[in-house]
Amino acid sequence: MVISTKHGAVTPDAGSADPVRYPPPAQVMSVLLNAIFLDVLDQDVRRIERLNSHLERTPSDAREDFRPIKVLMLRPLRDLGQLARDYEPQLPRGFRYLTRGLGTRDSASPDALSLVLFQSDYLCRLMDEGESDADARAGEIEEFLSEESDPSGGHSP
């Protein structure tokens, strides 16, 4: 089971270039932080799925000790960067001045802000969102966790 903090939808300013203006520094920081921390998870999941696909086409006697591994990717249903923007006004004045100066208000999703926002009200909201998201996929999570290995070389959690 892989739990990511990256919202599944692509943000409008992440994939399109606006030739009239440069992206704000907060957007550049967000893209860099996502590339360092979150995109690696997506690559790992794609790599496992690709290996599983190869294993399915490989005869069981030629697999040696390899077996497919089932992967369940969980992502937040809401964009955490946009959620963080709602809590920016409660930041201490100096920090708020810094974040706004970097352009968090001009970015479609200030992911960099969501990574450094440690206010208790925001963290409680994140926990509530996570619980709600898990409830929405409870059946899928339960099925994933309860699967048992089958004798034909299936997968186990």
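Which helix gives the largest share of the lining of the second largest pocket? I looked this up and found that H6 does, with five residues.

Before going on, I noted that this is a predicted model, in which local features need pLDDT of at least 70 and side-chain atom pairs count only at pLDDT 80 or more, while totals for chains, interfaces and linings use all residues. Residues are numbered from 1 along each chain as its sequence is written, and side-chain values use heavy atoms, with hydrogens and water left out.

**Entry on H6.** I traced helix H6 over residues 120-136 and found that its 17 residues reach 24 Å from the first C-alpha to the last, close to the 24 Å expected at 1.5 Å a residue (the expected span is 1.5 Å times one less than the number of residues; helices are DSSP runs of H or I with at least four residues, strands are E runs of at least two, and both are numbered from the N terminus). I then listed its buried residues, which are Tyr122, Glu129 and Asp133 (buried means under 20% relative accessible area, exposed over 50%, partly exposed in between, with a 1.4 Å probe and protein chains only). They cover an arc of only 35° around the axis, so they sit on the same side of H6 (the arc is taken from the directions from the helix axis to the C-beta atoms). On the other side, I found Ser120, Met127, Asp128, Glu131 and Asp135 exposed. The buried residues pack against helix H3 (80-87) and helix H5 (111-116).

Leaving aside neighbours within four places in sequence, I saw Tyr87 in contact with Leu117, Gln119, Asp121, Tyr122 and Arg125 (contact means heavy atoms within 4.5 Å).

**Entry on a loop.** I next looked at Asp106, which lies in the loop between helix H4 (93-101) and H5 and is exposed, with a relative accessible area of 52%. Its C-alpha atom is separated by 6.7 Å from that of Pro24, 82 residues apart along the chain, and, with neighbours within four places in sequence left aside, Asp106 is in contact with Arg21 and Pro24.
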